[in-house]
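Have a look at the sequence and the structure below. The questions that follow ask what lies behind the words used to describe it.

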Amino acid sequence: MTPANAALLRDTDLRDPAPASETARSRKEAGPRLAVLREGAPTAESAGSPLPDGPALWRAGRFEADEWAVVGPEEAIGAGPSIVPLERLLAEIDALAPGDASLGVLVQPNEAVEELAPLLDRVALVALVFPKYTDGRAMSAARLLRERYGFKGELRATGDVLIDQMPLMRRCGFDAFAVTDRATRAQLAAGKWPDIPFYMQPVGSSMQGEAPAGARPWARRLVA
């Protein structure tokens, strides 16, 4: 995270936003459709919450206990919800989860989510890996899962997940984040969220609760 971004986050508390006059006018014109724009941002209850010591799951605008266990290629699967590598899922789907809804899959950025498409009705969670913050392949995979293949389960971002990218990840369809970066966990625990409430172009996979296409007065072209 750059010093400029860090400074911006320190100064941004979205529990009490102060939009500019044009933004306020746009909100008024857009009406109640924009009331849910902050869905998934830090809640009042989460602000000031203790900073987790280890990796933390950020979901529904707060830190939550993670009920899922990540299982390796050769490890035995326990009785609870389990996340297995994509390669293992493809090879052992019938043995792993015959009709069981508590199965998740971990997809690396060099793996094709198209292979997963026929099995999406048998998994409840897809975890996509960000090996580093500059690698955006998981965002493309997320949009494919939501928009092309209609996946409705939990879509989790794992790996190098940073707070200034989380709103964009939510636009791609992510609704849960396994956060290992301590600075990001601290900002989330403090109720900070680098929200960009208005976007020019709608997407079909957003978890942001954005205004739909045709209902964005701030994106209208002014004709002289």
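Q: Are Trp58 and Phe63 buried or exposed, and what does that word require?
A: In this predicted model, Trp58 and Phe63 are both buried. The word asks for under 20% relative accessible area.

Q: What makes the pair of Trp58 and Phe63 edge-to-face?
A: Two numbers settle it, since a pair of aromatic rings is described by the distance of the centres and the angle of the planes. The ring centres of Trp58 and Phe63 are 4.8 Å apart, and a pair needs centres within 6.5 Å. Their planes stand at 80 degrees, and over 60 counts as edge-to-face, so that is the name the pair receives.

Q: How many aromatic pairs does a search of the whole structure find, and why is the pair of Phe130 and Phe174 called tilted?
A: The search finds two aromatic pairs. For Phe130 and Phe174, the centres are 5.6 Å apart and the planes make 55 degrees. Stacked needs under 30 degrees and edge-to-face over 60, so with 55 degrees this pair is tilted.

Q: What parts of the chain does the pair of Phe130 and Phe174 link?
A: Phe130 belongs to strand β6 (residues 125–130), while Phe174 sits in the loop between α5 (166–171) and β8 (176–179). The two are 44 residues apart, and the pair links distant parts of the chain. Both Phe130 and Phe174 are buried.

Q: How do you know that β6 is mostly covered?
A: Count its residues: six of its six are buried. Leu125, Ala127 and Val129 point one way from β6, and Val126, Leu128 and Phe130 point the other way.

Q: Which strands pair with β6, and in which sense?
A: β5 pairs with β6 in the parallel sense over four bridges, and Val105 has Val126 as its bridge partner in β6. β6 and β7 also run parallel, joined by six bridges, with Ala127 opposite Arg156 in β7.

Q: What makes β2 and β3 edge strands?
A: The open sheet has eight strands in the order β2-β1-β8-β7-β6-β5-β4-β3, with mixed pairing. β2 (62–64) and β3 (69–70) each pair on one side only, and they are the edge strands. Helix α4 packs on this sheet, touching β6 and β7, and its direction makes about 160 degrees with that of β6.

Q: Which residues have the most contacts inside the largest nonpolar core?
A: They are Leu89, Leu116, Val126, Leu128, Leu145, Phe174 and Phe177, in a core of 39 residues. Helix α4 (residues 137–148) gives the most to this core, with five residues. Apart from it lies another core, of six residues, among them Trp68, Leu106, Leu125 and Ala127. As a general background, nonpolar side chains tend to be buried together in soluble globular proteins.

Q: What is Leu89 in contact with, leaving aside its neighbours within four places in sequence?
A: Leu89 is in contact with Val84, Leu96, Leu103, Val105, Leu116, Leu119 and Val123. Here contact means heavy atoms within 4.5 Å.

Q: Why does Pro118 count as exposed?
A: Its relative accessibility is 62%, and exposed means over 50%, so Pro118 counts as exposed. Pro118 lies in the loop between β5 (103–107) and β6.

Conventions. Residues are numbered from 1 along each chain as its sequence is written. This is a predicted model: local features need pLDDT of at least 70, side-chain atom pairs count only at pLDDT 80 or more; totals for chains, interfaces and linings use all residues. Side-chain values use heavy atoms; hydrogens and water are left out. Rings of Phe, Tyr and Trp (its six-membered ring) pair if their centres lie within 6.5 Å; planes under 30 degrees apart count as stacked, over 60 as edge-to-face and the rest as tilted. Buried means under 20% relative accessible area, exposed over 50%, partly exposed in between (1.4 Å probe, protein chains only). A nonpolar core is a set of buried Ala, Val, Leu, Ile, Met, Phe, Trp, Tyr and Cys residues joined through side-chain atoms within 4.5 Å. Two strands pair if DSSP finds at least two bridges between them. Axes are lines fitted to C-alpha atoms, for helices over the stretch in contact, and angles run from 0 to 180 degrees between N-to-C directions.
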